[in-house]
Amino acid sequence: GLKSRLRLLSLTTRNDLPSDEIELTKLARSLDYRDSEELMAEFRRQAGLLRERFDAFTTSAAAEASAP
């Protein structure tokens, strides 16, 4: 996945996306995206889905904790 490719590109452990456009494009192409824009669009989509799940989970947990 994404973390594996990030590690291969930098040969170190990293969890952040490259800020350099050339490196970001290399990463995108290694993951079969056309370009960095397509990669970033998918990244934002996935981050949004994760945020929705987290919010739903925390809302549900809060409701259960406040239930009598």
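Lys-26 and Glu-23 both belong to helix α2, where three residues, about one turn of the helix, separate them; helices are DSSP runs of H or I with at least four residues, numbered from the N terminus. The model is predicted, so local features require pLDDT of at least 70 and side-chain atom pairs count only at pLDDT 80 or more, while totals for chains, interfaces and linings use all residues. Residue numbers start from 1 along each chain as its sequence is written, and side-chain values use heavy atoms, with hydrogens and water left out.

- Lys-26 and Glu-23 are joined by a salt bridge in which the closest N and O atoms are 3.2 Å apart; the term denotes a side-chain nitrogen of Lys or Arg within 4 Å of a carboxyl oxygen of Asp or Glu.
- Lys-26 has a relative accessible area of 43% and is partly exposed; buried means under 20% relative accessible area, exposed over 50%, and partly exposed in between, using a 1.4 Å probe and protein chains only.
- Glu-23 is likewise partly exposed, at 25% relative accessibility.

- Across the whole structure, the search finds four salt bridges.
- One of them links the side chains of Arg-45 and Glu-42, with an N to O distance of 2.9 Å.
- Arg-45 and Glu-42 are three residues apart in helix α3, so about one helical turn separates them.
- Arg-45 counts as partly exposed at 44% relative accessibility, and Glu-42 is partly exposed with a relative accessible area of 22%.
- Asp-55 forms a salt bridge with Arg-51, and their closest N and O atoms lie 3.3 Å apart.
- Both Asp-55 and Arg-51 are in helix α3, at a spacing of four residues, about one turn of the helix.
- The relative accessible area of Asp-55 is 33%, which makes this residue partly exposed; Arg-51, with 48%, is partly exposed.
- Side chains of opposite charge can pair when their charged atoms come close.

**Nonpolar core**

- Six residues make up the largest nonpolar core: Leu-6, Leu-24, Leu-27, Ala-28, Leu-39 and Met-40.
- At least two residues of this core come from each of α2 (21-30) and α3 (36-66), and α2 provides the largest share, three residues.
- Such a core is a set of buried Ala, Val, Leu, Ile, Met, Phe, Trp, Tyr and Cys residues joined through side-chain atoms within 4.5 Å.
- Met-40 is in contact (heavy atoms within 4.5 Å) with Leu-17 and Leu-24, leaving aside its neighbours within four places in sequence.
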